[in-house]
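Student: Hi! I have just opened this one and could use a guide. Can we look at it together?
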Amino acid sequence: MAAMIGSGLSNQTGAAIGSLAFPVLGPVGVVAVRQYVAALVLLTVGRPRLRTFTWGQWWPVALLAVVFGTMNLSLYSAIERVGLGLAVTLEFLGPLTLALATSRRRTDACCAVIAAAGVVVLMRPQPSADYPGMALGLLAAVCWASYILLNRTVGRRIPGAQGAAAAAGLSALMFLPIGLAVAVRHPPTAGALGCAVAAGVLSSAVPYLADLFTLRHVPARAFGLFMSVNPVLAALVGWIGLGQGLGPTEWASIGAIVAANTLSILTSRS
């Protein structure tokens with residue numbers, strides 16, 4: 001339990017700290033640094049034997065690298081526009097939709113309706129609504145669902161964590177020219193660079209290692225149930241750490257989406 005709580009808080013705190021560097025590096029610069037840190041950690045842990053990879057192994061790894069980078073970039077861009085809590089909630093719709101779409105149970109159909117109602121309320125027309133920011137959050141959701149499916153494919157074709165490590169390394173290479181361009185146009189300050197590195201450590205390295213430990217000791221259902229609390233943790237971290245307050249309607253919408261996932265997991269037989 002402590003590892004799961006620590007993983008969730010670390011992930012959302014890292015995103016909050018990374019957002020502090022947006023005025024200097026922008027979301028693109030912060031994500032570039034995060035990709036570098038993630039690659040360093042995963043390559044150290046996974047130790048992929050790249051020379052042994054076949055074409056049938058390389059193409060899902062390449063797709064995973066693109067999706068990984070796009071997911072983080074769209075999420076951090078959404079955080080800049082709509083805040084941490086709403087961005088993470090929208091992103092969470094990816095795995096939730098994937099889980100509900102692959103089920104034929106009536107309970108899951110009801111959960112889908114509850115989650116959809118929460119989304120409709122979140123994206124209701126209002127003067128202050130930032131629809132481009134919400135669209136970026138939904139793009140992150142699509143990428144997260146794709147990330148899950150591609151990870152399954154990579155996991156079946158490449159043993160251990162080698163596939164994920166190779167994808168992280170390839171994604172970091174893709175962001176290398178982007179990071180250099182950002183550094184030239186907007187020279188980073190020590191504080192901004194420190195925030196970006198902290199985001200990489202707290203949102204990539206710590207959660208990955210904590211989840212690796214947790215999945216060895218905690219049932220998958222319990223792990224999935226706790227993962228559903230991440231939107232609430234994000235909203236709390238955004239409120240306490242960044243002063244991004246949410247109204248009662250937004251809290252109710254987040255609660256509906258979390259409740260839909262919780263109900264689906266608790267009533268699942270497998």
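Student: How many aromatic pairs does the structure hold?
Tutor: It holds four aromatic pairs. Rings of Phe, Tyr and Trp (its six-membered ring) pair if their centres lie within 6.5 Å; planes under 30 degrees apart count as stacked, over 60 as edge-to-face and the rest as tilted. In one of them, the rings of Phe22 and Tyr76 have planes at 70° and centres 6.3 Å apart, so the pair is edge-to-face.
Student: Which helices does that pair link?
Tutor: Phe22 is in helix α2 (residues 22-46) and Tyr76 in helix α3 (residues 55-82), 54 residues apart. Helices are DSSP runs (H or I, at least four residues), numbered from the N terminus.
Student: Before I go on, what kind of model is this?
Tutor: This is a predicted model: local features need pLDDT of at least 70, side-chain atom pairs count only at pLDDT 80 or more, and totals for chains, interfaces and linings use all residues. Residues are numbered from 1 along each chain as its sequence is written, and side-chain values use heavy atoms, with hydrogens and water left out.
Student: Back to Tyr76: buried or exposed?
Tutor: Tyr76 is buried, at 0% relative accessibility. Buried means under 20% relative accessible area, exposed over 50%, partly exposed in between (1.4 Å probe, protein chains only). Phe22 is buried too, at 9%.
Student: What is Tyr76 in contact with, beyond its neighbours within four places in sequence?
Tutor: Its contacts (heavy atoms within 4.5 Å) include Phe22, Pro27, Arg34 and Ser203.
Student: New topic: how much of residues 131-150 is helix?
Tutor: That span is 100% helix, with its end C-alpha atoms 28 Å apart.

Key
Helices (H or I, at least four residues) and strands (E, at least two) are DSSP runs, numbered from the N terminus.
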